[in-house]
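Please read them with the structure open.

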Amino acid sequence: MGERIYLDNAATTKVSEEVLQEMLPYFRETYANPSAIYSFAGEAKKAVGIARERAAALIGAKPNEIYFTAGGSESDNWAVRAVAEGLSDKGRHIITSKIEHHAVLHTCEYLEKRGYEVTYLDVDGEGMISPAALEKAIRPDTVLISVMAANNEIGTIQPVAKIGEIAHARGIFFHTDAVQAYGHVPLNVGEMHIDLLSASGHKLYGPKGVGILYIRENVRLQPLIHGGAQERGRRAGTLNVPGIVGFGTAAALAGETMQERAARETALRDYLIDRVLAEIPYTRLNGHRQERLSNNAHFCFRFIEGESLLILLDQRGICGSSGSACTSGALDPSHVLLAIGLPHEIAHGSLRLTLSAENTREELDRTVEALKEIVGRLRDMSPLYEDFVRKA
Amino acid sequence: MYSEKVMDHFNNPRNMGEIENPSGVGTVGNAKCGDIMRMYLDVDEAGVIRDVKFKTFGCGAAVATSSMATELVKGKTVQEALQVTNKAVMEALDGLPPVKVHCSLLAEEAIHAALWDYAKKQGITIEGLKEPVADIDEIAEV
């Protein structure tokens, strides 16, 4: 198997050396509970404060608008559910999109079972929602618009500022799941009219198990987790100090390196996309060609199935992911691929490769060579390809 | 997630390919659930399966079960091939993860579909063989 080539950075990233070093003292040296009175606790409390400032600075928020959570899923659950439940007197209608992460979609389904109505906006073939369709979907009883900043599968970046503008013109709260976008694309909660924003540490070279929910000052939100006065009474639980410190450091580094990193990743991404599309026939790129995350390449290879592809890539040391049904144990392929209009048999042959700041062109060359061989081999085995060749 | 046998059959599929002018050919499964299997049979005058080939669109388990199914029916009589069940395929592969059991049902069904086509072409009836169901979802509910 040669060296491992890790191309699944949308799933998780490696904690950077700087982040790890900043975290370490908070396990065994400054381990105090920051809620305690003694001065030892003050050091931990101070570190949390710095992390909060850094997390806020990355999106133009105030530190007291940042709430630390256990990750993106918790933040999404909290935002959608608490806004809906808090405003139930005003209305019980939510607008979201068909391609949200399940942390948002399943929370919406939970609310639907409890008397809420949800409009799931369609997306076009490139995974983009239509601001005009959003405007049309707004009703007098709409209390929340939740649209992700960037899609976790196909990488399409939504017109966040435009969505925020529409929401605020109608006095509706706007939440964005920015788990894939935070630290990767510029976000500004003021300019983009964002009221709530979810992010996760491990997507930007920070630790797993820590995230944030940004809540604009004027938004009143009931806690999701009860049981303590932490986070100004809004999120109970002893603070995960090492995780929070790691998140803050990751956010600060992401802000400093964003421009350079995105430029480097974009060049690599486009190199990968161009080679795959040019050298492997009957292949399509999913997601928007330009308005996409700088580290995301997402393909469908016709006539083959994603899990087989992933296993054979894995045998060559290459880590990728697929929206194929077989990888999830479900029968239907990814809801995102179906929402962009792909037929089932094409959606089954999907492959997501997501880069990090550390990937090299040589790694991508090896990946393309492996893909050519594997796709060819699986097509030789495929009755769909056999039928296609016969007809041609 | 997969046994060594499954991985072996996935990596080195036995009898993968096509047969020109087959005695029988059957295709089962659907693209919706992501598995399609095609089985080709070459049956001699005595009713013995002289050769068998498969093609599969699907996951690792789908490929491995097809491959194993061809091994289990090769050299057998038509009647013996009919006795190759999904359980036999699974056992021969040292088991499958629960979510992949439907692949073995599909492999059994692919053999039946090819036998059905063979019987039709020969104008004969194979005792105990029912017309195969193309959609694996319907089979799973039985």
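Predicted model: local features only at pLDDT ≥ 70, side-chain atom pairs only at ≥ 80, totals over all residues.

How many bridges join strand 10 of chain A to strand 12 of chain A, and do these strands run parallel or antiparallel? There are 5 bridges, and the two strands run antiparallel. The points below start from this pair.

1. Chain B has a mean pLDDT of 91, and 94% of its residues reach 70 or more. One stretch needs care: over residues 136–142 of chain B, pLDDT stays under 50. The model still has 16 contacts beyond four places in sequence for that stretch. Where pLDDT is low, the coordinates should not be read in detail.

2. Strand 9 of chain A is joined to strand 10 of chain A by 3 bridges, and the two run antiparallel. A:Arg284 stands opposite A:Cys300 in strand 10 of chain A. Towards strand 12 of chain A, A:His298 stands opposite A:Arg352.

3. **Burial of strand 10.** Strand 10 of chain A is mostly covered, with 6 of its 6 residues buried. Which residues point which way? A:Asn296, A:His298 and A:Cys300 point one way. A:Ala297, A:Phe299 and A:Phe301 point the other way. In a regular strand the side chains alternate between the two faces of the sheet. Here both sets are buried.

4. **Two domains in chain A.** The domain assignment gives domain 1 (5–12 + 258–391) and domain 2 (18–254) of chain A. Their C-alpha centres lie 29 Å apart. The contact takes 21 residues from domain 1 of chain A and 21 residues from domain 2 of chain A. On the domain 1 side, the elements that give two or more residues are helix 9 (241–279), strand 10 (296–301) and helix 12 (335–339) of chain A. Helix 12 of chain A gives the most, with 3 residues. That side of domain 1 of chain A divides into 7 nonpolar, 11 polar and 3 charged residues.

5. **Helix 10.** Helix 10 (residues 306–315) of chain A is mostly covered, with 7 of its 10 residues buried. Among the buried residues are A:Leu309, A:Leu310, A:Leu312 and A:Leu313. A:Glu307 is also on the buried list, as are A:Gly306 and A:Ser308. After helix 10 of chain A comes A:Gly317, whose phi is positive, near 80 degrees.

6. **Strand 2 of chain A.** Strand 2 (residues 66–69) of chain A has A:Ile66 and A:Phe68 pointing one way, and A:Tyr67 and A:Thr69 the other way. All are buried. The strand is joined by 4 bridges to strand 8 (residues 211–215) of chain A, and the two run antiparallel. The bridge partner of A:Thr69 in strand 8 of chain A is A:Gly211.

7. **A buried loop residue.** A:Met148 lies in the loop between strand 5 (142–146) and helix 7 (160–169) of chain A. Why does A:Met148 count as buried? It has 27 other C-beta atoms within 10 Å, and the cut-off for burial is 20 or more. A:Met148 touches A:Glu100, A:His101, A:Gln158, A:Thr176 and A:Asp177, not counting residues up to four places away in sequence. A:Met148 and A:Ala178 are 30 residues apart in sequence, yet 6.0 Å apart in space, C-alpha to C-alpha.

8. **The chain A–chain B contact.** How many residues does each chain give? The contact takes 19 residues from chain B and 20 residues from chain A. On the chain B side, strand 2 (35–43), strand 3 (49–57) and helix 2 (60–73) of chain B are the elements that give two or more residues. Strand 3 of chain B gives the most, with 3 residues. The chain B side divides into 10 nonpolar, 5 polar and 4 charged residues.

Key: Residues numbered from 1 in each chain as written. Chains lettered and ligands numbered in written order. Contact = placed C-beta atoms within 7 Å. Nonpolar A, V, L, I, M, F, W, Y, C, P; charged D, E, K, R; others polar. Buried ≥ 20, exposed ≤ 12 C-beta atoms within 10 Å, placed from the backbone. Pairing = 2+ DSSP bridges. pLDDT = per-residue confidence, 0-100. Domains from an automatic or database assignment.
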